[in-house]
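Open the model in your viewer and keep the selection tool at hand. The tour goes stop by stop, each with something to select and something to look for.

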Amino acid sequence: MVKKILEIENLKTYFYTWAGIVKAVDGVDIDVNEGETLGLVGESGSGKSVTALSIINIVPSPGKIVEGKIIYKGRNLLEKNENDLQKIRGKEISYIFQDPATSLNPVFSIADQLMEVIRRHQNVTKTEALQKAIELFRLVEIPDPEIKIWNYPHQLSGGMKQRMAVARALSCEPKLLLADEPTTNLDVTIQAQILQLMKSLKKKMGMSMVLITHDMGVVADVADRITVLYAGRVCETADTKTIFYKPKHPYTIALLTAVPSLALRRDKLAVIPGTIPNLIEPPSGCRFHPRCEYAKSICAEKIPSLEEIEPKHFVACHRALEIDIKSPLGVEKTAL
Amino acid sequence: MKRLPYSQFLQVENLIKHFPIFSRGILLKKKIGAIHAVDGVSFSIKKGETFGLVGESGCGKTTTARTILNLDSPTSGQVYLEGNDIYKIFNSKDKKEILKLRRKMQYVFQDPYASLDPRMTVADIIMEPFIIHGHIPKEKRYDRLYELLGLVGLENYHAERYPHEFSGGQRQRICIARTLAVEPQLLIADEPVASLDVSIRAQILNLLQELQQKLKMTYLYISHDLSTVRHICHKVAVMYLGKIVEMADADELFSSPIHPYTQALLSSIPIPDPETKTSRIILPGEVPSPINPPVGCRFNPRCNKKKKNRCVEIEPELVNIGNDHWVACHAAYK
């Protein structure tokens, strides 16, 4: 029996702006098993980052967690006070932010920033902390760690900064790592380096990971299971192979077809008509129905619930069992 | 490289762009070095073709494009558009001729959030080229505006709105409409979809392809995203540290890359298919500084097929190895 390290139930995080309430996350259910990598995919504005920020309760103002449960190892994190949360953040659950350039403090050296995390959560002296920091630098394969550690963030390249962010996130050997688009700003060759590094470190330390990305290629490579988000709701959750070969939600399928492929040159890319809806007044019923080619009248009226249509395959679509569309990848396989 | 006859639409020959670095100080500013952004790039594009320029950040793709339009003047080298030396025209200070030339070549910038004036309406933005070039009589300008909006998939009522009212994909459409206003023959698209979402990206790529078929335009498409390049380009050149390392037809380049850098680049693209496990070539280190590029082959410090002496000493030339496939690598010539 696999143990669940994190369970999110019916999470609702709203932003109270002057224009109205933005329902960025509106009833999301996610669970992460121990030792597993969960990929969280969706376009910008689908609520991926807000979900992750909600887990450690650092949603920026005017955002607020309105409802829901975040159960980490049997304890509801939303009932904890700030003091307890600070003991968990960085130690048990750590976070890699999207942009390494802005998530590092420019006026402190890398050594200071790494040692701060280590000394806060572990009972060590300054020299021991420095030793640990250098060890971590070696772990993330930065050359000359003894010299590089005294550099300031602006002296490092983007790839180096992201390695440093990985090192900081792993400094206290967390049980759960939340990685928010860790490779989006990097070049492909550097992306390959960082992803490989994260994969091997994850195995070494036996931690669980939530990987947020919009790149279907990255999740295919790294994730064990995938949750697809759209406009603040979960569309589909299943293991990676099922999502790619037997997707059931029209949005998942559209997302897969819209990606240009290296293997096969198609004349025209499939297009999802329209844009992501305004989350102040989201569409009624299923939020994808205005852009969905399979939408029926029921889709505009009733909100679909997340149903288990096959073991471990959850879909939120009224017509998931009626419509039968093949995965674009399945088609490609036979064509090749 | 042998000079080709001017049958090509755009021909770039040995283009070099160095940015000087000055020492600090007010009185004595001395040139202490140069950033070798583009260091001898040659290629040509046929009419109606899409030519892709790929490479990682800092390899000189954007500088090449900007230099072709004379947005940055070149250190040396020639560019011919339909056989005419464009730098001769740009340097002649003949304003009429320069405007005429500018009408032929247009640029779509990377970031649609930064390249539109927030204080101009869409109509102002798209009609400004009409005023500058004067190629459309006053009474016909609005007709042409609506025609252009229709061409890029926007509605007539969008004309009186401001850029902030649009999403990223729509803004990129406005940018494309603005470039089309002068009826260019060459469109340089610098990462036009890099900042857009997947579903919107597909819309813009399809639009570019449709426009090419309709208006018979030639594209220079710049990107670091190899899968979109594969999708829309006919010919592709891979750049590394200011030089072209490999150039071939898109199908040929993606199916049988020869340069070790191209091979590594292609293998590191994550493929959206969990069953295809590519044997990934992980390159050690990072791109070296273009201020002091490595001696010999510029890729040699990161190369896994390095032959000892030649690679560190002699800079390889771009050589045609047959089938119009050009490679600059000592290991490739047998």
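**Stop 1: the two domains of chain A**

Select domain 1 of chain A, then domain 2 of chain A. Their centres, taken over C-alpha atoms, are separated by 28 Å. Domain 1 covers 4-229 and domain 2 covers 231-335; such bounds come from an automatic or database domain assignment.

Before going on, note what you are looking at. This is a predicted model, in which local features need pLDDT of at least 70 and side-chain atom pairs count only at pLDDT 80 or more, while totals for chains, interfaces and linings use all residues. Residues are numbered from 1 along each chain as its sequence is written, and chains are lettered from A and ligands numbered from 1 in the order in which they are written.

**Stop 2: where the domains of chain A meet**

Domain 1 of chain A brings 25 residues to it and domain 2 of chain A brings 23. Two residues are in contact if their C-beta atoms, placed from the backbone, lie within 7 Å.

Now colour strand E2 (20-33), helix H9 (216-222) and strand E9 (225-230) of chain A. Each supplies at least two residues of the domain 1 side. Helices (H or I, at least four residues) and strands (E, at least two) are DSSP runs, numbered from the N terminus. E2(A) has the largest share of that side, 10 residues.

What classes of residue does the domain 1 side have? There are 13 nonpolar, 6 polar and 6 charged residues. Here Ala, Val, Leu, Ile, Met, Phe, Trp, Tyr, Cys and Pro count as nonpolar, Asp, Glu, Lys and Arg as charged, and the others, Gly among them, as polar.

**Stop 3: A:Asp26**

Stay on strand E2 of chain A and pick A:Asp26, which is found there. Is A:Asp26 buried or exposed? A:Asp26 is buried, with 21 other C-beta atoms within 10 Å. The cut-offs: a residue is buried if 20 or more other C-beta atoms lie within 10 Å of its own, exposed if 12 or fewer, and partly exposed in between, with C-beta atoms placed from the backbone.

Draw a distance from A:Asp26 to A:Arg233. C-alpha to C-alpha, the two are 5.8 Å apart in space, yet 207 residues apart in sequence.

**Stop 4: the nonpolar core**

Nonpolar side chains tend to be buried together in soluble globular proteins. The largest nonpolar core here has 185 residues. Such a core is a set of buried Ala, Val, Leu, Ile, Met, Phe, Trp, Tyr and Cys residues joined through C-beta atoms within 7 Å. Select A:Val210, B:Leu220 and B:Val238, the residues with the most contacts inside this core. Helix H7 (residues 158-170) of chain A gives the most to the core, with 7 residues. Both domain 1 and domain 2 of chain A supply at least three residues each.

Zoom to A:Val210. Not counting residues up to four places away in sequence, A:Val210 touches A:Val32, A:Leu38, A:Leu40, A:Ala52, A:Leu178 and A:Ala179.

**Stop 5: between the chains**

Show both chains. In the contact, 32 residues of chain B meet 38 residues of chain A. On the chain B side, helix H7 (198-215), helix H8 (226-232) and helix H10 (260-267) of chain B give two or more residues. H7(B) gives the most, with 7 residues. By class, the chain B side divides into 15 nonpolar, 11 polar and 6 charged residues.

**Stop 6: chain B as a whole**

Chain B has 11 helices and 12 strands. Its C-alpha atoms fill a box of roughly 70 × 60 × 45 Å, taken along the principal axes. Of its 334 residues, 43% count as buried.

**Stop 7: confidence**

Colour by pLDDT, the predictor's confidence in each residue, from 0 to 100. Chain A has a mean of 86; chain B has a mean of 88. In chain A, confidence is highest in E9(A), at 94, and lowest in helix H13 (residues 328-335), at a mean of 51. Finish on residues 331-336 of chain A, where pLDDT stays under 50. Where pLDDT is low, the predicted coordinates should not be read in detail. For the complex, the predictor gives an ipTM of 0.77 and a pTM of 0.83.
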